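Here are my notes on the model you sent. Please read them with the structure open.

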Amino acid sequence: MTIRLYDTNARQVRDFTPLVPGCVSIYLCGATVQAAPHIGHIRSGLNFDIMRRWFQYRGYDVTFIRNVTDIDDKILAKSAEQGRPWWAIGYENERAFNSGYDVLGCLPPTYEPRATGHVPEMIEMMRELIERGHAYAADGNVYFDVRSFPGYLSLSNQELENLRQPEGEGETGKRDPRDFAMWKAARPGEPSWQTPWGPGRPGWHLECSAMAHKYLGSAFDIHGGGIDLIFPHHENEIAQAVACGDEFARYWVHNAWVTMSGEKMSKSLGNSVLVSEMVTRWRPIVLRYYLGSAHYRSTIEYSEDALREAESAFARIEGFVQRVVEKAGLVEPAAEVPPAFAEAMDDDLGVPQALAIVHTTVRQGNSALTADDKESAVARLAEVRAMLGVLGLDPLDAQWASTERGDDLHGVVDSLVRLVLEQRESARARKDYGTADAIRDQLQQSGLEIEDTPSGPRWSIGSR
């Protein structure tokens, strides 16, 4: 068994060899909390949740760090725009992000550090870089000297001569316009911390380098994030950490965007779909299926039709699960997933191929039910539950109990629907098929699917 991952730095799929046998250390760039999350933000957390679950299934002890950037130019801009404290905006949106992760079934991180809690570590890193000749102070700012680091731009594969470094207001005193800010001098009305080079606040890139070092040490296995972070963020993280003497990340893994009309989903473009809105219109488990079913390196083009297709596909899985449980009772997940599923997941987390195995197994199970082969149907359900568990999609798992329909509400709806179905059964018994069909049609128009089974009619939430 060898897990293989696409390493952005190597530009190829590589066999994964952990730094410490039996252990995996992962640092994921988490939320910058200037606004509530859209589904593009949450996709990254979900993709790496699947990675983490697969490593755990394969027997690894996983340390998973997902940071919170709670001080940033964007947050301060929102503070000025809304007339609210920067920390209030940050905390409000941090809670919104965690709610989004939770409602879509993402496991909590091992640690979730905030940038503002790690200023001492950032100061020490800057001091070390200045002493080594890789950084310098100017006008209260501290800059990284990119020409001092020969490996700069190896991740993004750019040419230094063509580089255009993003920069913010007040970044004065640079020796070279391509140098990037590690620390920004204090400005009126903005938060600041004291340093040997004057009061100010951290730059985005420095935050992650310092936090990754604190929680994972000088070398760790995997650094993850969206493809939009390759430059400048991840490139600059590498420069700071390696110039300080760290090996830093051994594998770089990046997920693709969720797009609308071919453009990256973002609040600045006005094309974002907030998670908090989406989960009022779509069941969270269906939204997880939709966002997790594409390969993590493939772009997802958002559309309502695509979500409806995902809903229908997952309904076929749930229908099979429900039928077997009704016939045989609760079936525990198998101890191991089918070999073809494992092979797909080992190959750079091939979730589309893995889900194809899930659907094939569901079809086999449905055929067994049709043939009244209870033993085979139960065996297939055990395999399906094992596979869905790895993907965080097992509808029988307790994690979905509070985020799905809700036990109390489901019970009320079930009682009401069964009253109507009894009227339908009475109509059928007296051969009033017109009334029986009309009742079924009305239920379907309400969004319910009615299936007649040997043990009586069964209802479920239908596709939209």
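This is a predicted model: local features need pLDDT of at least 70, side-chain atom pairs count only at pLDDT 80 or more; totals for chains, interfaces and linings use all residues.

1. Residues are numbered from 1 along each chain as its sequence is written, and side-chain values use heavy atoms, with hydrogens and water left out.

2. Glutamate 207 belongs to helix α5, residues 204-216. Helices (H or I, at least four residues) and strands (E, at least two) are DSSP runs, numbered from the N terminus. Glutamate 207 is buried but has no salt bridge. Buried means under 20% relative accessible area, with a 1.4 Å probe and protein chains only; a salt bridge is a side-chain nitrogen of Lys or Arg within 4 Å of a carboxyl oxygen of Asp or Glu. The nearest side chain of opposite charge is that of arginine 201, 6.8 Å away. Lys and Arg count as positive and Asp and Glu as negative, with His and the chain ends not counted.

3. Apart from neighbours within four places in sequence, glutamate 207 is in contact (heavy atoms within 4.5 Å) with Thr69, Ile71, Ala115, Met122 and Pro202.

4. The whole structure holds 17 aromatic pairs. Rings of Phe, Tyr and Trp (its six-membered ring) pair if their centres lie within 6.5 Å; planes under 30 degrees apart count as stacked, over 60 as edge-to-face and the rest as tilted. Phenylalanine 144 and phenylalanine 180 are a stacked pair, at 5.2 Å centre to centre and 15° between the planes. This pair links strand β6 (residues 141-144) to strand β7 (residues 180-185), its members being 36 residues apart. Phenylalanine 144 is buried at 0% relative accessible area, and phenylalanine 180 is buried at 1%.

5. Phenylalanine 180 also stacks with tyrosine 152, at 6.3 Å centre to centre and 25° between the planes. Tyrosine 152 lies in the loop between β6 and β7, 28 residues from phenylalanine 180. Tyrosine 152 is buried too.

6. Elsewhere, Phe16, Phe55, Tyr60 and Tyr251 form one aromatic cluster.

7. Arginine 66 lies over the face of tyrosine 101, 3.6 Å from the ring centre. Arginine 175 has its charged end over the ring of tyrosine 136, 3.9 Å from the centre. The criterion is NZ of Lys or CZ of Arg within 6 Å of the ring centre and within 35 degrees of the ring normal.

8. Helix α8 (residues 284-292) is largely enclosed by the rest of the structure, because nine of its nine residues are buried. Among them are Arg288, Tyr289 and Tyr290.

Technical notes
Buried means under 20% relative accessible area, exposed over 50%, partly exposed in between (1.4 Å probe, protein chains only).
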